[in-house]
Amino acid sequence: MKTKPHPLFVLYQWLVAFPVLLVLTILTAVFTIILSPVFPNAQFSYFPARWWGRFFCYLLFIKVKITGIEKLDPKKSYVIAANHQSIYDIFVVYGWLPMIFKWVMKAELRRIPLVGKACESAGHIFINRKNPVAAKKSLDRAEAQLRNGVSVVVFPEGTRTYTGQMGKFKKGAFRMAADLQLPIVPVTLRGCFERLPRNSFVVTPGLIEMIIHEPVEVKGYENEKQPELMQKLHDIIESAL
């Protein structure tokens, strides 16, 4: 059962943490817009966003625990598939996944002032789900970047959960992995929903866990066997919730 944060902590969120995080968001966007074209796919240009994600946790007293990081080869490219519980999924992945990666994100996010431009500068991929042709072109651009240790992070459910339970997976990430014969890394995010559920603006301090599972090879799961691969990944991620 979700506990309500103390009223004094709620005041702290609105009067201290959120204003500070707004300023940090603006600064992060500006630095990303400046650095990404000069240092593309470099750890240096990812530094502002990485610490932006961490500060969203630190300032709101959220502890993050990571397990399985040793299963990733920093020189290898992956398709990383994670469940989508909350906006805090983004902060945790940005803050603690130690690799260069591109997000696959909704096209609507491009309209957010500064943030949309920063994401575009960093090479993240916007998907227009209402236009299948445009969506296919976006996935083709994502595939073109998956080289030399650059990975892609996808939420296969496509949107945040309303209940904390996992939804059905969409096919895009699995097609991408099959096309490039890249391993898929299932990642379970646990505790994000309890920290900040959908349609809430009040954060509850506590623990978030990011559990990185063994990479799954896609060979043998092409074409008609892709639904089998999708179900396998769904079961692995759900098993740690």
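1. In this predicted model, the largest nonpolar core holds 38 residues, and the members that touch the most other members are Tyr88, Leu97 and Leu189. Two or more residues are given to this core by each of the helices H1, H2 and H3 (88-96) and by each of the strands E1 (62-67), E2 (79-82), E3 (101-106), E6 (184-190) and E7 (206-212). Among these contributors, H3 gives the most, with six residues. As general background, nonpolar side chains in soluble globular proteins tend to be buried together.

2. The buried residues of H3 are Tyr88, Asp89, Phe91, Val92, Val93, Tyr94, Gly95 and Trp96.

3. Which residues does Leu189 contact, once its neighbours within four places in sequence are left aside? Leu189 is in contact with Ala82, Asn83 and Gln85, with Asp89, Val92 and Val93, and also with Phe155, Glu209, Met210 and Leu241.

4. Helix H1, which covers residues 7-38, packs with helix H2, which covers residues 43-58, at an angle of about 165 degrees, and their axes are 8 Å apart. Angles over 145 degrees count as roughly antiparallel, and H1 and H2 are therefore roughly antiparallel to each other. The crossing that H1 and H2 make is left-handed.

5. On the H1 side of this pairing, the residues that meet H2 are Leu21, Leu24, Thr25, Thr28, Phe31, Thr32, Leu35 and Ser36, while on the H2 side they are Phe44, Ser45, Pro48, Ala49, Trp52, Phe55 and Phe56. Sorted by class, the contact of H1 with H2 has 10 nonpolar and five polar residues, and no charged residues.

6. Leu114, in the loop between E3 and helix H4 (115-121), has a phi near 65 degrees, which is a positive value in a residue other than glycine. Gln181, in the loop between helix H6 (172-180) and E6, is likewise not a glycine and has a positive phi of about 55 degrees.

Definitions and conventions: Residues are numbered from 1 along each chain as its sequence is written. This is a predicted model: local features need pLDDT of at least 70, side-chain atom pairs count only at pLDDT 80 or more; totals for chains, interfaces and linings use all residues. Side-chain values use heavy atoms; hydrogens and water are left out. Axes are lines fitted to C-alpha atoms, for helices over the stretch in contact, and angles run from 0 to 180 degrees between N-to-C directions. Helices (H or I, at least four residues) and strands (E, at least two) are DSSP runs, numbered from the N terminus. Angles under 35 degrees count as roughly parallel, over 145 as roughly antiparallel, 65 to 115 as roughly perpendicular and the rest as oblique. A crossing is left-handed if the near helix is turned anticlockwise from the far one by less than a right angle, and right-handed if clockwise. Contact means heavy atoms within 4.5 Å. Ala, Val, Leu, Ile, Met, Phe, Trp, Tyr, Cys and Pro count as nonpolar, Asp, Glu, Lys and Arg as charged, and the others, Gly among them, as polar. A nonpolar core is a set of buried Ala, Val, Leu, Ile, Met, Phe, Trp, Tyr and Cys residues joined through side-chain atoms within 4.5 Å. Buried means under 20% relative accessible area, exposed over 50%, partly exposed in between (1.4 Å probe, protein chains only).
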